[in-house]
Amino acid sequence: MTTAVHWPNSLWAAVTPPRQPAPPLEGKAEADVVVVGGGFSGLSTALHLAKRGRQVTLLEGQAVGWGASGRNNGQVIPTMSAAEPDAFVQRFGETGERLAHLIGQSAEMLFRLVEAEGIDCEAEQTGWFQPAHSPGRVRLSEKRVEAWRRHGSPAEFLDKAETARLLGSDFWYGGMLNPTGGHINPLALARGLADACMRQGVTLHENSAVTSYERERDGWRIRTDRGSVLARALVLATNAYTDAVVDRLEPRISRTIVPILSWQMASEPIGDNLRATVVPGRQAVSDTRADLRFFRYDARNRLITGGSVLGAYNAESRVAARTSENIGKAFPQLAGMRFTHIWSGRIGITQDRFPHFHKLGPDLWSWTGCNGRGVALSVSLGRELAAAVDGVPARELALPLTEPEPIPFHPIARRIAPLILSWYKRRDLAELKLD
Ligand SMILES: Cc1cc2nc3c(=O)[nH]c(=O)nc-3n(C[C@H](O)[C@H](O)[C@H](O)COP(=O)(O)OP(=O)(O)OC[C@H]3O[C@@H](n4cnc5c(N)ncnc54)[C@H](O)[C@@H]3O)c2cc1C
């Protein structure tokens, strides 16, 4: 028997062509590698392992793309939200250098993979733009452009006038443009990656929540309610949803992040005349605020945007009103915008705002903590994790492995995490001190 999957009220769930669900795991099976989680990380890892000739089984607890991968804004962004490329190098040396390079190339990698696999996911490589929300942040944008260029990424600085032309608004002060970025329909990408996995011979089981795993002989026995797989290697690609499907699947991962709820919403399709005045080049945009302003068009010319809100009471209507107000401030011609779809998803935030990579046991790999920038990153990391599982030596990989560091008083941290939003707002108002 298959349990019904409850999809969020997302635009993506409404418009994306469905795919035939893969059957749940039944009975005992064997594989070289089991990947747990059918988001971008798990699907890309499985696909790249299969391309390396490995026999892979992917177990997804709900449906492919049900987690963050099918709920996000679909912005393909080749940077992290807080960790700067030089910080990776300072902390992890040559491995950090390789990680910075991987991140800088990640948007390009995603669009080329979509092309090579013939995935129809409304991909638009129109560029990603990060406008500066205060005069001081312009200096931050300049520094970021300079740093990313040193790491081989084609970032460009736009001044205030160029920014106003690109966005159709003089609300921002300048910013960083990366022409390799853009946007996709994320659920269509997840489903397309699943199809690509199946073409490469990956055995996919949906509705197959992993309840536990343990060492058996020289491998791992991975169990679901109705079956188990014995595999040499195991990749946990459950990220911010690690304890969302099965409580305590792997506390070493879930305790290193606090999941923050991010709200997304879609407007009615916007007519050609109005659209010609608002981001006419159709770039994906997310600004320098920690409490982000972000938006992009989808293939039906809806504006896909969103935001955050403090507290659970009436959250959906409060966040919609706040987002509509924010859009109206930057684009008065869009004032009073209403939304046809409103949904939310979990973003995994780490204490140091770096992504974390772990080897939790022999041939047991995991990563977590996208900190809000995981579309391009998780697809590229999938290729890297596949290489790691396949025995490529650490000195060639972009995976700075660390021990998991549980956040102290994690249950309390989780409860108070939403309050971080008020701190973000205060920090957004203050100017940064940059040398
Ligand atoms: C609302 C929102 C907006 C975002 N916007 C952007 C954006 O515009 N650009 C950007 O770069 N990043 C964005 N992100 C981040 C990005 O979506 C994520 O970093 C990325 O999708 C993570 O992919 P993943 O495969 O690692 O995790 P997920 O997609 O969350 O996949 C994990 C999967 O594991 C499964 N799972 C969990 N437990 C089990 C179990 N016990 N057994 C089997 N399966 C299990 C879950 O069902 C889930 O499908 C956003 C995130 C959210 C939530």
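**Ligand surroundings**

I note that the model is a predicted one.

I then checked Gly67 and found a polar backbone atom 3.4 Å from an oxygen atom of the ligand. For Asn73, I noted a polar backbone atom 3.2 Å from a nitrogen atom of the ligand. I looked up the cover next: on its own the ligand has 1000 Å² of accessible area, and the protein covers 98% of this.

I listed the elements that give two or more residues to the shell, namely α2 (40-51), β12, β16 and α10 (375-389). Strand β16 gives the most, with three residues. I recorded 39 residues around the ligand, the closest being Ser41, Glu60, Ser69, Gln75 and Asn239.

**Sheet**

I traced an open sheet of eight strands with mixed pairing, in the order β5-β6-β4-β13-β14-β15-β12-β16. Strands β5 (156-158) and β16 (339-350) stand at the edges with a single partner strand each, so one side of each has no neighbour in the sheet. I noted an average twist of 20 degrees from one strand to the next.

I followed β12 (residues 257-269) to β15 (residues 302-307): the two run antiparallel and are joined by five bridges. Pro269 has Arg302 of β15 as its bridge partner. Last, I examined helix α4 (residues 135-150), which packs on the sheet and touches β4 (128-131), β5 and β6 (175-178). The direction of α4 makes about 160 degrees with that of β5.

Notes: Residues are numbered from 1 along each chain as its sequence is written. This is a predicted model: local features need pLDDT of at least 70, side-chain atom pairs count only at pLDDT 80 or more; totals for chains, interfaces and linings use all residues. Side-chain values use heavy atoms; hydrogens and water are left out. Two strands pair if DSSP finds at least two bridges between them. Helices (H or I, at least four residues) and strands (E, at least two) are DSSP runs, numbered from the N terminus. Axes are lines fitted to C-alpha atoms, for helices over the stretch in contact, and angles run from 0 to 180 degrees between N-to-C directions. Contact means heavy atoms within 4.5 Å. A residue is near a molecule or strand if one of its heavy atoms lies within 4 Å of it. A polar contact is a pair of N or O atoms within 3.5 Å; within protein, one must be able to donate a hydrogen and the other to accept it, and residues adjacent in sequence count only if both atoms are side-chain atoms. Accessible areas come from the Shrake-Rupley method with a 1.4 Å probe; for residues, only the protein chains shown count as cover.
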